[in-house]
Amino acid sequence: MKLKGWKEVTPGAVITEAGSALKFKTGSWRVFKPKWIPENCIQCMFCWIYCPDMAVKVKDGKRAEFDYDYCKGCGICALECPGKKGNKAIVMEEEGG
Amino acid sequence: MSKVVAVTGNEAVANALRQINPDVCAAYPITPQTDMMQRFASFVSDGKVKTELILVESEHSAMSACIGSAAAGGRVATATSGPGLALMWEMLFVASGMRLPIVMPVVNRSLSAPLNIHGDHSDAMGARDSGWIQLWSENAQEAYDNAIQAFRIAEHMDIRLPVMICLDGFIISHSIERIEYLDDDTVKNFVGEYKQLNPLLDTEHPVSYGPLILPDYYMEFRRAQAEVMTKVADVVLNVAKDFEKISGRKYGLFETYRLDDAEIGLVILNSAAGTSKDVIDEFRNKGIKAGLLKPRLYRPFPYEEIGEALKHLKAVCVLDRADAFGASYGPLFMDIASSIYHYKDKPILINKIYGLGGRDYMPEHAEIVLNELAEIAKTGKVKTFKEYIGVRE
């Protein structure tokens, strides 16, 4: 995408396009990546509640895969995950590792 | 029909705010501004204005509430002084960066420590590069007139920047002077209906203010903001022309006093310019060609125009009512020096720091400086480029 020049930017950095945050893919900030292990998931939805972004997807009322376009890898979901019988359903792995 | 009254500077500016009737005013009391906003609060209580007056717990909050209200789409005003302006500092840049046309009288006061409540320009000088437009006022009449013109300048669609109107604490804010008020209707028509730009409350067209701008775009926004500053002087002059039609009073980017054929000159802001003009008359009576330049639009500083106005002089003293610690010279001096720097033939420039913390600026001070300038003009020799005057050894 071609970046705009100074004559093209909106006065005061006001964003006039609703929902344009979707275009800002913050997933590239990630250093650690959450990995979902479905067999340990009890569908408590804690990860969905605690995610400070909207990077935990839900499909038909069930926990679905992460949205890695926006997940910054903060690890809150992994911390909060109760897992099943002591086995976490979300673990953090080094990005690109 | 205008009305002649005897009022203080604070009273005059409060009356201008009443005539303009802003949508929102968020203010916090601080001497010597207190009496201005107390009077305005009475107008609100008495139903003389429809302004939503927001009482806040600090000046940081006052400016924050003004920013929110202006972004929401309202015409917004506040006022402050000295340490209050200092506490607003962070938010001043937010107001200008978001291009919000907030109008703020600044009743100039010194900064602590030592604690002092009196007239001094350290407060506004500290905020001179915050992206706000600054109009400076010699007396109550100019403060009133500048306050009315400020709304037109700030809200101009090519500008959309906040404006400070500076007036000297106590010397102007609390002294009674003869001034002329314009009719309420005349002011209302002059200022006109407020025109919104990207208001937050327009839910049909949702917008976001204050996004994170990373290194890939920050510089473009700053460059655009710098460009807006280049358009301010023309708007200030056009608004002044319209204002002259309703008031008969003429304003420019700066005022010159007996400067055209002058050989020596003073450059001085606000109330002390009045005192200096009297002394310049005395020197003229003695046959000494003295003159004066008083900046009005201090930010953006009209470098070219001021350079042109001063370049023919032999010696000029810039008097600063604020010091720039560690910068060698006072803030006004540095701007004046920049404005004549490019000329091959230019006046010798000296700098005096005067009147800090409300110390009186007396006609004798102007006399001493003008005598020194006459000597410099004759000999070309300078003893001291910068010194404090009116201070005990």
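What percentage of the 97 residues of chain A count as buried? In this predicted model, in which local features need pLDDT of at least 70, side-chain atom pairs count only at pLDDT 80 or more, and totals for chains, interfaces and linings use all residues, the proportion is 16%, a residue being buried if 20 or more other C-beta atoms, placed from the backbone, lie within 10 Å of its own, exposed if 12 or fewer do, and partly exposed in between. Residues are numbered from 1 along each chain as its sequence is written, while chains are lettered from A and ligands numbered from 1 in the order in which they are written.

Chain A has 2 helices and 4 strands, arranged along the sequence as β-α-β-β-α-β, where helices (H or I, at least four residues) and strands (E, at least two) are DSSP runs numbered from the N terminus. The radius of gyration of chain A, taken over C-alpha atoms, is 17 Å, well over the 13 Å that the globule rule (2.2 Å times the number of residues to the power 0.38) gives for 97 residues, so the chain is more spread out than a compact globule. Along the principal axes, the C-alpha atoms of chain A fill a box of roughly 60 × 30 × 20 Å. Of the contacts in chain A between residues at least 6 apart in sequence, 65% join residues at least 24 apart, two residues being in contact if their C-beta atoms, placed from the backbone, lie within 7 Å.

A:Asn87 is located in the loop between helix 2 (76-80) and strand 4 (90-94) of chain A, and counts as exposed because it has 11 C-beta neighbours inside 10 Å. Although 47 residues separate A:Asn87 from A:Asn40 in sequence, the C-alpha atoms of the two are 6.3 Å apart in space.

The contact between the chains takes 12 residues from chain A and 17 residues from chain B. On the side of chain A that touches chain B there are 8 nonpolar, 3 polar and 1 charged residues, with Ala, Val, Leu, Ile, Met, Phe, Trp, Tyr, Cys and Pro counted as nonpolar, Asp, Glu, Lys and Arg as charged, and the others, Gly among them, as polar.

Chain B is divided into domain 1 (3-247) and domain 2 (255-388), with bounds that come from an automatic or database domain assignment. The centres of these domains of chain B, taken over C-alpha atoms, are separated by 28 Å, and their contact takes 27 residues from domain 1 and 20 residues from domain 2.
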